[in-house]
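Okay, thanks everyone, let's get going.

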Amino acid sequence: MSTLRRPVEVGSKRRAVRVEPLASVPLFFSLEGKRVVLAGGTDAAAWKAELLAAAGAEVHVFAEQLEQTFERLLEAGSVKGGFVHHQTCWSMDSFEGASLAIADARSQGEAQAFFCAAKAAGVPVNVIDNPPFCQFQFGSIVNRSPVVIGVSTNGAAPILGQAIRRRIETLLPGSLRNWALLAQQIRGRVMKSLSAGAERRRFWERFVDLAFSSRSAPETTDLEEFDPLLDEASHAGQGRVTLVGAGPGDAEYLTLKAMRALQAADVILFDDLVDDAVLELARREAKRMLVGKRGGRESCRQEDINDLMVSLARQGKNVVRLKSGDPMIFGRAGEELQRLSDEGIPASVVPGITAASAMAAELGISLTHRDHAQSVRFVTGHARNGKLPETVDWKGLTDPATTTVFYMAGRMAGRITARMIAEGLSSRTPVRVMANVSRHNAASWSGYLANLAEGVESLQSSGPVLIAVGDVFAQTCIEQDTMPEQHGKALTATA
């Protein structure tokens with residue numbers, strides 16, 4: 001018999017560490033009008049010179065000879081900083097008044113000499129592709145200036161850094177540069193119109209929502225266009241609630257919209273099944289509260305969760321109700337949305353990837369293969385009273401052209417088998433069972449309906465279990481029939 005518990009603020013085991021150990025501190029250094037020493041006339045040095053000049057530096061190049069790429073760069077000049085070519089080698093006097101020193105050294109001896117000279121002059125130094133002689137590193141850059149993102153692997157794997165940069169490039173809209181420039185224009189008015197803290201944060205959260213939408217940044221400099229946002233932000237009033245789907249487990253299944261919601265949250269009410277890796281993507285300052293609901297275990301009452309959402313929203317909090325999978329599929333979202341509507345509290349929903357979709361993707365089996373199934377049904381494995389739901393059309397679930405996926409059904413496997421066979425479904429109907437979908441400890445079993453209970457038991461999992469029934473899983477069963485005296489097998493299990 002399950003015990004009821006009230007929502008509690010999460011302890012250290014479910015709260016992300018504020019700052020994990022760092023290999024180096026990421027800094028953004030202004031070079032506008034600063035003198036930078038660059039030794040070498042190679043292509044690699046030319047790239048560094050172009051980068052430094054783009055940041056506004058006056059780059060003093062010390063090289064007796066320049067490769068063709070560098071010559072073309074000096075001829076073209078820079079749109080922001082500038083270049084001064086000294087057709088000679090560097091000397092100790094070269095470092096006077098310099099903010100940074102960079103070299104592309106041809107030998108270890110030359111690298112050590114440049115490093116020691118710059119260090120003696122008190123100038124931060126970097127010898128290209130020579131980590132022992134670097135006091136700082138150049139990371140891979142995503143340029144949406146004034147938004148600039150640097151990615152560093154601390155010199156360990158530059159190719160990995162470049163790959164990460166490419167991933168980030170695909171996530172950021174091209175219009176982000178213009179939105180950032182617009183933010184610079186309106187920042188003064190925001191500071192003057194809104195109080196520090198909650199008011200300004202509400203405004204900028206709404207601004208960010210617009211920046212990451214498909215809408216282009218307004219070209220007008222008429223700041224009155226933002227009066228409605230300023231007015232909305234200045235009225236504290238009540239907060240809002242966002243129901244967010246966390247996906248089946250793997251944090252990489254989280255949507256971009258879900259990540260933005262987590263980053264804007266004041267309070268996160270999360271379920272037991274939400275993975276820690278998902279919580280680590282949330283705003284660090286957000287309070288995290290575990291409101292777990294698990295069948296047969298100590299659980300929060302739904303009424304307590306509803307009351308808590310209402311109370312927090314009335315305090316002006318931005319509340320995220322974080323649910324495993326998709327909140328609109330067996331997540332009691334309907335009850336929560338109805339309560340919020342009755343209380344007049346604004347609410348929205350961010351859908352997530354439901355476990356059945358993740359299961360199909362991980363197994364590489366389509367739930368609606370046109371040769372086997374023309375429809376798919378998601379069915380709850382139990383009713384309020386803990387028994388099989390009687391309102392389900394069990395006869396309809398025996399349709400051979402339908403794939404049926406039972407959620408939260410691990411303890412009901414034997415009853416599901418008996419009921420579906422009684423309704424006319426063949427005991428030789430293929431079945432696939434998966435526990436802990438998309439997680440590191442995922443496990444899967446394949447067999448026939450007659451052996452379903454034994455199959456679930458063989459997984460020995462206390463995590464969430466999906467039971468999928470239908471001919472789309474026939475190929476796996478055919479392969480197993482070649483195994484003597486075996487009617488089902490646990491196919492995958494990873495620790």
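**Starting at Leu-254**

Leu-254 sits in the loop between β10 (240-245) and α8 (256-263). Residues are numbered from 1 along each chain as its sequence is written, and side-chain values use heavy atoms, with hydrogens and water left out.

So, is Leu-254 buried or exposed? Leu-254 counts as buried, because its relative accessibility is 8%; buried means under 20% relative accessible area, exposed over 50%, and partly exposed in between, with a 1.4 Å probe and protein chains only. What does Leu-254 touch, leaving out residues up to four places away in sequence? The list is Gly-245, Ala-246, Met-259, Leu-262, Val-278 and Leu-281, where a contact means heavy atoms within 4.5 Å.

**Zooming out**

The protein has 15 helices and 21 strands. Of its 495 residues, 43% count as buried. Take the contacts between residues at least 6 apart in sequence: 69% of those join residues at least 24 apart. The accessible surface comes to about 26,000 Å², and 51% of that belongs to carbon and sulfur atoms. That's Shrake-Rupley with a 1.4 Å probe, and for residues only the protein chains shown count as cover.

**Salt bridges**

How many salt bridges does the structure hold? There are 19, counting a side-chain nitrogen of Lys or Arg within 4 Å of a carboxyl oxygen of Asp or Glu.

One of them pairs Asp-275 with Arg-439, the closest N and O atoms being 3.8 Å apart. Asp-275 is in the loop between β11 (267-270) and α9 (276-279), and Arg-439 is in the loop between β18 (430-435) and β19 (443-448), so the pair ties together parts 164 residues apart in sequence. Asp-275 is partly exposed at 25%, whereas Arg-439 is buried at 16%.

Next up, Glu-336 and Arg-321, where the closest N and O atoms are 3.1 Å apart. Here Glu-336 comes from helix α11 (residues 333-342) and Arg-321 from strand β14 (residues 318-323), 15 residues apart. Both Glu-336 and Arg-321 are buried.

Then there's Arg-419 with Glu-390, at 3.4 Å from N to O. Arg-419 is in helix α13 (residues 413-422) and Glu-390 in the loop between β16 (375-380) and β17 (402-407), so this pair ties together parts 29 residues apart in sequence. Arg-419 is partly exposed at 22% relative accessible area, and Glu-390 is exposed at 57%. There's a network as well: salt bridges that share partners join Arg-201, Glu-205, Arg-240, Asp-266, Arg-283 and Glu-285.

As background, most residues other than glycine have a negative phi, and most peptide bonds are trans. Now look at the bond from Ser-145 to Pro-146, which is cis, with omega near 15 degrees. Pro-146 is in the loop between β8 (140-144) and β9 (147-151).

Asp-129 has a positive phi, near 55 degrees. Asp-129 is in the loop between β7 (125-127) and β8, and it counts as exposed at 77%. Gln-460 has a positive phi too, about 50 degrees. Gln-460 is in the loop between α14 (452-459) and β20 (465-469), and is exposed at 72%.

The average pLDDT, the predictor's confidence in each residue from 0 to 100, is 86, and 89% of the residues score at least 70. Where is confidence lowest, and where is it highest? The lowest is strand β21 (residues 488-493), at a mean of 48, and the highest is strand β3 (residues 35-39), at 98. Over residues 482-488 the pLDDT is below 50, and that stretch has eleven contacts in the model beyond near neighbours in sequence. Where pLDDT is low, the predicted coordinates should not be read in detail.

How values were computed: This is a predicted model: local features need pLDDT of at least 70, side-chain atom pairs count only at pLDDT 80 or more; totals for chains, interfaces and linings use all residues. Helices (H or I, at least four residues) and strands (E, at least two) are DSSP runs, numbered from the N terminus.
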